[in-house]
Each structure stands twice: as structure tokens, then as C-alpha cells.
Amino acid sequence: MAIDGMMLGRNNAFHWHFSEDDSIGMFSKSFPDLVNYTAFTSREIYTPEDVKSIVRYANIRAVKVIPEMEGPSHLHILGFYPEFKGLVGCFRNYTGTSSRHGGPPYAPINPADERTYDFLEKYLRDLSETFESDYWHLGGDEVSIGCVSGLKGTKDFLRKEGIQLNQLQDYYIERERKILEKLRPNGKAGYWWRGNKNKYGKGDILQYWGGGGSISGAMDTWPDNDFIYAPSGVYYLDCGFVNQYFGGSWCGSIHSWRSIYNVDPRRLHKEDQKDRFLGGELPLWSEMNNEFNLPLKLFPRGGAMSFRMWNPEGPSKDVDIMKMMVKYQNRLKRYDIPSMRVTQRY
């Protein structure tokens, strides 16, 4: 349903964030029993055949599936796997500033432990046999690197490499990128942009998720990188809803389809930067949604963003915008795809 709706709204990329602190349900032939510890249930597992089927379904509808293997943070669930004992920092530590509303911290796997790279090499190789994309998102956000400072071997590793604890994520990024280069020689790595806190490689794709507004300054700072625009202050589709721990929304009120359409991509970058501005993305997190409310959150807002990104000089008068969006919603209806209302009907 979601991919069909994306097709109708000209949303051409499905960014599949399949790993998170609470669950990783992607099967790996190199670690066949891993999902027994990391999936919510045995029914909530994606097999290689499942992934290939989804990728094929999306391809037919002109939607590229882009996988994201989050890291080094947001991998708390890996700590339950016996082979990875002692690999995850802050494992089962549900207190402190890195926890959110009683949930697990942004627990990182240890970049100073060689088991991390053995896992990544094997796991990403398995995934490369099912995902076709040459663009792989590798996460990189909300890394509580202090969590690994007390793990076995970390201090000796830092001393041997001659680096500080706050440089460990850069080391991880470099090692993981080399793994991806072996699997996809012509591939590109993507990361959640963290300002100047990390060292990104030439050609890496950086995903902006700040509050909003122009990103020309960030693009000036990173002239060798392309950018994707995904501001939490405008594009996050879960804003305004109760979170998974029954707390309030961290990112403010609901963003309407009209507020999303009002974002003019021409104002987000300088003219000489437009070739490095790849477009926009509307994040919608599965821990906040299920199969019943997902289409209502995604549509028609997905179309509103897409129509403006593809055609910045599109309709500007209220009546013309409304006509365009009503036609889009009618297309969704013909496919039996639920959506929030565009306007009142009598």
C-alpha cells in the first residue's frame, strides 16, 4: 500500500531504516540465529525472499529501495546475542541522559572492538545479495560514544591507534565505508548529518535533519558532498503524536500537507549548489506506527512534498494547489489507499 501510494505521488525513494535499538528483524545467513534474539517475534522477520520481493515490487513502480543499517548507535538489541556479549555500550542501562522516556539508550556497538567489523562485513555482504541499491545509508546519528569507554579493550585500542574517545565514530565511519566499497565499488554511503562533529568522505551523501530553513551554510562547509533535506521542524511525519513511551512529541505539532508544500526548495540552497541538492525526505518511524495509521500519516503529505520538489514553480494560488491535491487524493482512493483529508467535502 505504501509503495503504491508513493508511486501515485511521485515519491521515488523508499529509505528502509530496518535496524533500531528495540529490534532488528532482517535475516542474515551469516548469523542465522541472530533474529531469534533481535526480532520482536518469529513472525516479524524479513527473509531474503521477502526483501527481494519488496525491491522488485518497488522497482516496477519506479521506487528505489535504499537500505539503512544504523550504526554505531541505536543497536542496543545486538547485546542480547551471545556472540556479542560485551560489544554494546550501555547495554541494559536504562538510566541517565541517553535514555528517553524509559526506553533503551542510543546504545552503540564498540568501534574499538574488531568483532564489530567482522559483523558488519558479513551482515552487509548478506544484505548486498538482496538489496540492489548502490546508495546505502549507514546511520551515524545520536551516538553516545561515552558508553563504550568502559568496555573491554577500548582504552588499549585508543592508546594503540593514538586517538581520543571522541574520534572513535570517525574511525568507525572510515572502516564501515571501506567494507561498503568492497561490496559496492561504485556505491555511495549516506549519513545523518551531524554538523562538524564527524569527518565525512568525499562523495558521501549527508542527510540534514535539523529544524528547517536554508542549508546553504552546511553545503558550503561540505563542498564535496550531496545533501538530502529532511528537517524535523517541517518534514517529520510523527510530530504532534504521542510517542511510543506515551510521552509528548519531541518535535512539536503536526505538520500539515500545506506547510510541507510551502517549503520552496529554491530557498534551501544557493544557485551554484543545486546540483548537490538531491531532494527531500519525509521520515516516518515504524516504532510510532503500524499498518493502520501509516497511510494516514504518509498521505497526502508525501505527495505535497514530492510535487513541490519536482516542480518548484508549481501552483502557488490556493485554488490551484487545492485542485492538484484533490486530484491526487482521488487517485489514492481509486487504489483503496487511505489518506488524511485534503479539504472538507460536502
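Student: Which residues does Q169 touch, not counting residues up to four places away in sequence?

Tutor: Contact means heavy atoms within 4.5 Å. By that rule, Q169 touches P72, G140, V143, I145, R194 and N198. Keep in mind that this is a predicted model, where local features need pLDDT of at least 70, side-chain atom pairs count only at pLDDT 80 or more, and totals for chains, interfaces and linings use all residues. Residues are numbered from 1 along each chain as its sequence is written, and side-chain values use heavy atoms, with hydrogens and water left out.

Student: What does the side chain of Q169 reach?

Tutor: The backbone oxygen of G140, at 2.9 Å.

Student: Is Q169 buried or exposed?

Tutor: Buried means under 20% relative accessible area, exposed over 50%, and partly exposed in between (1.4 Å probe, protein chains only). Q169 has 5% relative accessibility, so Q169 counts as buried.

Student: And how do I read helix α11?

Tutor: Helices are DSSP runs (H or I, at least four residues), numbered from the N terminus. The expected span is 1.5 Å times one less than the number of residues. Helix α11 (residues 318-334) has 17 residues and reaches 25 Å from first C-alpha to last, close to the 24 Å expected.

Student: Which residues of α11 are buried?

Tutor: I321, M325, V326, Y328, Q329 and L332.

Student: What covers the buried residues of α11?

Tutor: The cover includes α1 (2-8), α8 (257-261) and α10 (301-310).

How values were computed: A polar contact is a pair of N or O atoms within 3.5 Å; within protein, one must be able to donate a hydrogen and the other to accept it, and residues adjacent in sequence count only if both atoms are side-chain atoms. Helices (H or I, at least four residues) and strands (E, at least two) are DSSP runs, numbered from the N terminus.
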